[in-house]
Amino acid sequence: MKNLVTGQVFTTTDLDMRKHKRRKRLALFKNFYIDAFVHKRVSVFLVVAEINKYKSAKIIIDLLKEKMNQYHVRVLGYYWQRDVGEVKFELHFHIIFVVERISGVTAKRMMSNKRVGFYKMVLCFSLNKFKRYLETKEIYGAHRQRSFGVSQMFKLPKTF
């Protein structure tokens, strides 16, 4: 390919373009919520779910949205990404859920009432660190599977 402005010739692969797109989406997600996160207007949950229990990200996301609705927690946005474990090579999803700010009691209750062994959910204390962690991961997805995704709309908390 040739840069039309500088005239410099460069090469790229479809994998490099996919990684670039993932970095842009992840940066857009983080940049949208970082101010509300820093000022404690939102809570952020990090979820790891086994792919062998949830065949698609939509299934686990819908299940978690339903769970959050039971606790009257409003979901503002999410980002998900497929991954392969570095030690046991197990397939799993990483999901970041941004919700309106909730109390510690509600968060503990939500995290304790879960299906044992199917997913793990924790509160996020550093959105930047987790973003950097996800950016370093390799792109993974079997034939006709998406390797990452993001909610269609990002919402702000009502008190913002």
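Predicted model: local features only at pLDDT ≥ 70, side-chain atom pairs only at ≥ 80, totals over all residues.
Contact here means heavy atoms within 4.5 Å. Keep that in mind for K131, which touches L26, A27 and K30, leaving aside residues up to four places away in sequence.

**Around K131**

K131 sits in helix 4. Is K131 buried or exposed? Its relative accessible area is 14%, and the cut-off for buried is under 20%, so K131 counts as buried. Along the chain, K131 and K30 are 101 residues apart, yet their C-alpha atoms are separated by 7.4 Å.

Helix 1 (residues 14–38) and helix 4 (residues 127–136) pack at an angle of about 175°, and their axes are 10 Å apart. Angles over 145 degrees count as roughly antiparallel, so that is the label for helix 1 and helix 4. On the helix 1 side, the contact is made by R22, R23, L26, A27, K30, I34 and F37, while helix 4 brings in L127, N128, K131, L134 and E135. Sorted by class, that contact has six nonpolar, one polar and five charged residues.

**Strand 3 and its neighbours**

Now for the strands. Strand 3 spans residues 91–100. Nine of its ten residues are buried, so strand 3 is largely enclosed by the rest of the structure. What does strand 3 pair with? Strand 1 (residues 42–50) runs antiparallel to strand 3 and is joined to it by nine bridges. Strand 2 (residues 75–84) is also antiparallel to strand 3, again with nine bridges. For individual pairs, E50 has H92 as its bridge partner in strand 3, and W80 stands opposite I95.

Strand 2 and strand 3 form a hairpin with six residues between the strands, and in this hairpin F89 takes a positive phi near 60°.

**H94, a residue to look at**

H94 is found in strand 3 and is buried, with a relative accessible area of 5%.

| Side-chain pair | Polar contact distance |
|---|---|
| H94 and D83 | 3.1 Å |
| H94 and H92 | 3.2 Å |

Setting aside residues up to four places away in sequence, H94 touches V47, V48, Y79, W80, Q81, D83, F130, Y133 and L134. One of these, L134, also turns up in the contact of helix 4 with helix 1.

Conventions
Residues numbered from 1 in each chain as written. Heavy atoms only, no water. Axes fitted to C-alpha atoms, helices over the stretch in contact; angles between N-to-C directions. Helix = DSSP H or I, 4+ residues; strand = E, 2+ residues; numbered from the N terminus. Parallel < 35°, antiparallel > 145°, perpendicular 65-115°, else oblique. Nonpolar A, V, L, I, M, F, W, Y, C, P; charged D, E, K, R; others polar. Buried < 20%, exposed > 50% of the residue type's maximum accessible area, 1.4 Å probe, protein only. Polar contact = N/O pair within 3.5 Å; in protein donor to acceptor, adjacent residues only side chain to side chain. Pairing = 2+ DSSP bridges.
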